[in-house]
Amino acid sequence: MPKNEYVPLFETRQVKGRILFRSVAASIFLAICFVFIYRVKFLPAEVRAERLSWIGLFLSEIWFSFYWFLTAVCRWNSVHRLPYIHRLSQRFGKELPGVDVFVCTADASIEPPCMVVNTVLSVMAYDYPPQKLSIYLSDDGGSELTFYAMVEAAELSKTWLPFCNKFKVEPRSPEAYFRTASEPVDVKEWGLVKKQYEDMRMRIEATTKMNRIPDHIRKQHKGFREWDLGSSKHDHQTILQILIDGRDSNAVDVEGNPLPTLVYLAREKRPQYDHHFKAGAMNVLIRVSSKISNGPIILNVDCDMYSNNSESIKYALCIFMDEEKGDEVAFVQFPQNFDNLTRNDSYGSSFRVAQKLEFQGLDANGGPCYIGTGCFHRREALCGKKYDRNYKVDWKKLNHIKVEESAGLLEETCKVLASCSFEHETAWGKEMGLVYGFPVEDVVTGLSIQCRGWKSMYLDPERIGFLGVAPITLLQSLVQHKRWSEGHLQIFLSKYCSLLYGYKKIPLKLRLAYCPYNLWAANCLATLYYVVVPCLCLLKGISLFPRISRLWALPFAYVAFSHRAYSLGEFVWCGGTFRGWCNDQRMSLFKRTTSYFFAFCETIFKLLGYSQPAFVVTAKIADEDISERYHRELIEFGAASPKFDILATLAALNLFGSFGAIKNVILDSKIIDQFGLQILLCLVLVTINLPVYQALFFREDNGKMPTSVTYKSIILALLACTVAMY
Ligand SMILES: O=c1ccn([C@@H]2O[C@H](COP(=O)(O)OP(=O)(O)O[C@H]3O[C@H](CO)[C@@H](O)[C@H](O)[C@H]3O)[C@@H](O)[C@H]2O)c(=O)[nH]1
Ligand SMILES: [Mn+2]
């Protein structure tokens, strides 16, 4: 091979199964056309109630078809990327760029310091030159418990990092490693390191339990003095402590190797200033890190997302540093995987199909969204730089910038960058850094980066890059989806709507591909209609679908069946189980009727100026009996919530509807022809809701439906049935 021939650092391949996907999509499209023809042709002319319900159903079907069309566009092409890390090391050797890792935490009571420490240790232990690695923890909880945990992490890293390097252990979160490793790599050292970790964990957990730091520990580090003034979570000065200064020749592990830099940061918080949640935290991190290490690549992870693959940085660099295609890439997104999922994933948290297939589609269309965690950014792009075609990075030059100030001086000079007033009348939160004002700051930021001309890419290596904690109760999951769908809808209704904002900036396909996500919440109306009206019409004797003896029933059946069968096929192909798929279907129904519905309403309130932005942080721990039920895959209802009122009422309604229908069929079997499809729809809904009935009527544990919800839902459902029948 000639010497200067370009050898790519990564390759792009078409995802298999495109022809199957396209043929199924085409056939579904055809069937949808027939459904529409039927709806127009047979629209009932006379009876008012009948005509109205029919029109409503038709509108819902138009919506579903439109939505389906968007998802099909998003998936029409899809690619995956194959990085070659050995080529990276061969080509760049020691000239690798600095990487700054940002870990965000917000609340020590639901994000245990011990978990944060594990995440931090896992990213400190990346297989990457430690002099080029800096880890920043942003603590929006401003908690000395978390600070203490970080002091401990700095200490443990001195044995943990050499241990990881020596034995090439994976994963590099000590907790996950000792939980999953089957046999000790080296009995003696294994035992020693394990004991050190266990001791540290016990010390941290003890302080967390006491909710305060005992005096003898406070004396160990000057940083604790910052809490002497008596600060609260929402009102405190900036706390910045460089726990390990990577430049310091004394900062070495037990074997004398250098350690990565480790920084604790709690930005200033004052009640009278908006802090913009995670987006605000990230922007402070960007500024502070620019003074301390200024790595040209930034990795962002949530505090529960430990690194599960010590080579992820190198994978991402294969994209950024590729001579031909790398310079236009602003961020490289890894999927969001979880390590606390049960076999059948009761709450559909795995995003299996989305992450194995949809994101590849986005990648082919111009780039995946930024999803907040497991994402590598090019610092310049994140800070607002526009891409232009002559942009070419000189990685070598980037490496020769040196910071001279001492750690102590840096701690003082950087404080102003983390103060509440710093951003006043600047472009931060608008054109610079993460965008403010949306509960999904990540997605809107990714979009705005892409609209500045950059591309993004998706990497899903065989060994999972990051593992986090998925919600462990139904309510938490629904609350999380409410935040997401609300954030997305707000983006859609703002100036950042991909269709308009991206006009002439990103390809039409990418503009369209954002829509299925942005419009999650908008699904609620059509779904609620489909869940409520056919059932009530059944009781009233209004037929909404073609007779099953007629050919017109075929397209309806085909759309429903093939669409779901294909989805099941994909789900299993992506490694899911049949029951997992059923759970996923149930969750998508639950999300649509509750999370999306509330998100939809709240977005309207917000547009009218009635509600404040919020970010409900997902709890990463739970009581023992809750987590025991989670592992038994029992759906957790437990607490009273308006979301459960809705779920239970809809479930009861369809149950009564089915009872009514079965009674009528027994009295007169001929109606099965006329109402066949409608009865089937009700029965499918009843099947999906089986766990709800169980929670309403049969369960005895603390996770059953609260009695108040049971009564409310039965009364409401009965009322609705009565009104429908008379
Ligand atoms: O005021 C805040 C609120 C949250 N966080 C952190 O943001 C992260 C995400 O919060 P979490 O409650 O875990 O939300 P998830 O729904 O799991 O997060 C997903 O969705 C969020 C947007 O809704 C993104 O910010 C996240 O990166 C993405 O993983 C966590 O590390 C928090 O500590 C802060 O730093 N400051
Ligand atoms: Mn999370």
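This is a predicted model: local features need pLDDT of at least 70, side-chain atom pairs count only at pLDDT 80 or more; totals for chains, interfaces and linings use all residues.
1. Domains. The chain is divided into two domains, each built from two separate stretches of residues: domain 1 takes in 20–76 + 517–725, while domain 2 takes in 85–321 + 385–432. When the centres are taken over C-alpha atoms, 44 Å separate domain 1 and domain 2. The contact between them involves 5 residues of domain 1 and 9 residues of domain 2, and on the side of domain 1 that touches domain 2 the residues divide into 4 nonpolar, no polar and 1 charged.

2. Shell around the ligand. Ligand 1 is surrounded by 23 residues, of which Cys104, Ala106, Phe277, Asp302 and Gly372 are the closest. Sorted by class, this shell has 10 nonpolar, 7 polar and 6 charged residues. Three elements, namely strand S3 (99–105), helix H9 (277–292) and helix H16 (474–492), each supply at least two residues of the shell, and the largest share, 4 residues, comes from H16.

3. In an unreviewed entry, UniProt places the feature "binding site" at Lys278 and Asp302. These two positions are spread over 25 residues of sequence, yet they cluster in space, with a largest C-alpha distance of 9.7 Å. Lysine 278 is found in helix H9, an element that supplies at least two residues of the shell around ligand 1, and Asp302 is among the residues closest to that ligand.

4. Residues 517–539 are 83% helix and 0% strand, and here the end C-alpha atoms lie 35 Å apart.

5. A pair of crossing helices. Two packed helices are described by the angle between their axes and the distance between the axes. For helix H23 (residues 642–667) and helix H25 (residues 690–698), the axes come within 10 Å and cross at roughly 100 degrees. H23 and H25 are therefore roughly perpendicular to each other. On the H23 side the contact is made by Leu647, Ala648, Ala651 and Leu655, and on the H25 side by Val692, Tyr693 and Leu696. By class, the residues of this contact divide into 7 nonpolar, no polar and no charged.

6. Backbone details worth checking. Most residues other than glycine have a negative phi, and most peptide bonds are trans. Lysine 168 has a positive phi of about 50 degrees although it is not a glycine, and it is found in the loop between H5 and H6.

Definitions and conventions
Residues are numbered from 1 along each chain as its sequence is written. Chains are lettered from A and ligands numbered from 1 in the order in which they are written. Axes are lines fitted to C-alpha atoms, for helices over the stretch in contact, and angles run from 0 to 180 degrees between N-to-C directions. Angles under 35 degrees count as roughly parallel, over 145 as roughly antiparallel, 65 to 115 as roughly perpendicular and the rest as oblique. Two residues are in contact if their C-beta atoms, placed from the backbone, lie within 7 Å. Ala, Val, Leu, Ile, Met, Phe, Trp, Tyr, Cys and Pro count as nonpolar, Asp, Glu, Lys and Arg as charged, and the others, Gly among them, as polar. A residue is near a molecule or strand if its C-beta atom, placed from the backbone, lies within 6 Å of it. Domain bounds come from an automatic or database domain assignment. UniProt positions are given in the numbering used here, feature names are shortened, and annotations may be inferred rather than shown by experiment.
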